[in-house]
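Dear colleague,

Please find below the structure that I am handing over to you.

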Amino acid sequence: MTVDDWEPDWTEIYGALANSQRRSVVRYVGTTSDPVTVFDIATHLLLDAGEALSEERLDALQIGLSHLHIPKLLSADLVEWNGNTVEATPLLAHIPLETLYPTPQNAVDSGPATDPGPDERSGLI
């Protein structure tokens, strides 16, 4: 069966993409041609956020990725994870990654800011 033969669980997908850190993971994994490690993802997220790389910060981020964010993306069928490496699924190829972050070309005024939710308030990023 191919991704075109079944209906994705859009509620699960939207729930997974509701968190900015998971959107960053999806965008990174979706633009790499090879599987990446959780350490690679954590390093990318810190550098992308302009944060300094520290062992403590990398460890904390890897824990959050391994126990919260990657399992949520896995549940939404957006990534495959074997415990060591993460890679995009065929479903992820159908998601326009450029829409995950507004740019001047595709930004839309979404009105007032909303509560960031428990994942973003956790301080992982």
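In what follows, helices are DSSP runs of H or I with at least four residues, strands are DSSP runs of E with at least two, and both are numbered from the N terminus. Please note that this is a predicted model.

On that basis, the chain has 5 helices and 3 strands. Read from the N terminus, their order is α-α-β-α-α-β-β-α. Of the 125 residues in the chain, 33% are buried. Among the contacts with a separation of 6 or more, 61% are between residues 24 or more positions apart.

Helix H2

Helix H2 covers residues 20-30. Because 8 of its 11 residues are buried, H2 is largely enclosed by the rest of the structure. The buried residues of H2 are Gln21, Arg22, Arg23, Ser24, Val25, Val26, Tyr28 and Val29. At the start of H2, a side-chain oxygen of Asn19 lies within 2.8 Å of the backbone nitrogen of Gln21.

The packing of H2 and H3

Two packed helices are described by the angle between their axes and by the distance between those axes. For H2 and helix H3 (residues 38-48), the axes come within 10 Å and cross at roughly 115 degrees. Angles of 65 to 115 degrees count as roughly perpendicular, and H2 and H3 are therefore roughly perpendicular to each other. The crossing of H2 past H3 is right-handed.

Which residues form this contact? From H2 come Gln21, Ser24, Val25, Tyr28 and Val29, and they meet Asp40, Ile41, His44 and Leu45 of H3. Sorted by class, the contact of H2 with H3 has 5 nonpolar, 3 polar and 1 charged residues.

Asp77

One further residue concerns the backbone. Asp77 is not a glycine, yet it has a positive phi of about 60 degrees. Asp77 is placed in the loop between H4 and strand E2 (79-81). With a relative accessible area of 39%, Asp77 is partly exposed.

Yours sincerely

Technical notes: Residues are numbered from 1 along each chain as its sequence is written. This is a predicted model: local features need pLDDT of at least 70, side-chain atom pairs count only at pLDDT 80 or more; totals for chains, interfaces and linings use all residues. Side-chain values use heavy atoms; hydrogens and water are left out. Axes are lines fitted to C-alpha atoms, for helices over the stretch in contact, and angles run from 0 to 180 degrees between N-to-C directions. Angles under 35 degrees count as roughly parallel, over 145 as roughly antiparallel, 65 to 115 as roughly perpendicular and the rest as oblique. A crossing is left-handed if the near helix is turned anticlockwise from the far one by less than a right angle, and right-handed if clockwise. Contact means heavy atoms within 4.5 Å. Ala, Val, Leu, Ile, Met, Phe, Trp, Tyr, Cys and Pro count as nonpolar, Asp, Glu, Lys and Arg as charged, and the others, Gly among them, as polar. Buried means under 20% relative accessible area, exposed over 50%, partly exposed in between (1.4 Å probe, protein chains only). A polar contact is a pair of N or O atoms within 3.5 Å; within protein, one must be able to donate a hydrogen and the other to accept it, and residues adjacent in sequence count only if both atoms are side-chain atoms.
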